[in-house]
Amino acid sequence: MDAQQVSTAFAAVRQRLGRTPCRACRSRETDALIAFGRVLVSCENCGDAANLGPLQSVLAAGSAGSAGSAGAGRRGR
């Protein structure tokens, strides 16, 4: 990925998944980030983090309109 693609990916992930309810404390003080090609949602309130999966999968699911809550992408697998 070049610098523009990385910037676009970060913006898309933060817009779609930032401020989603935390799995542990249900706070909306969360921030979505990308680390080592995976999307994480981290809670500023309790420190919990949810690994939502590979960047490509999360972006593909988001473009289909199913961003959901921080844990929605992992259910049913």
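I began with helix α1 and asked what covers its buried residues. The cover includes the strands β1 (30-35), β2 (38-43) and β3 (49-54), together with the helix α2 (55-63). I note here that I am working from a predicted model.

Next I looked up which residues of α1 are buried, and found Ala9, Ala12, Val13 and Leu17. These residues cover an arc of only 95 degrees around the axis, so they lie on the same side of α1. I then turned to the face directed away from that buried side, where I found the exposed residues Ala3, Gln4 and Gln15.

I also checked the length of the helix: α1 has 15 residues (residues 3-17), and at 1.5 Å a residue it should span 21 Å, which agrees with the 21 Å between its end C-alpha atoms.

At the ends of α1 I made two entries. Asp2 caps the N-terminal end, with a side-chain oxygen 3.1 Å from the backbone nitrogen of Gln4, and just after the helix Arg19 takes a positive phi of about 70 degrees.

Finally I stepped back to the whole protein, which has two helices and three strands, running α-β-β-β-α from the N terminus on. Of its 77 residues, 30% are buried, and among contacts with a separation of 6 or more, 30% join residues 24 or more positions apart. I noted an accessible surface of about 4800 Å², of which 49% belongs to carbon and sulfur atoms.

Notes: Residues numbered from 1 in each chain as written. Predicted model: local features only at pLDDT ≥ 70, side-chain atom pairs only at ≥ 80, totals over all residues. Heavy atoms only, no water. Helix = DSSP H or I, 4+ residues; strand = E, 2+ residues; numbered from the N terminus. Expected span 1.5 Å × (residues − 1). Buried < 20%, exposed > 50% of the residue type's maximum accessible area, 1.4 Å probe, protein only. Arc of directions from axis to C-beta. Contact = heavy atoms within 4.5 Å. Polar contact = N/O pair within 3.5 Å; in protein donor to acceptor, adjacent residues only side chain to side chain. Areas by Shrake-Rupley, 256 points an atom, 1.4 Å probe, with all protein chains shown as cover.
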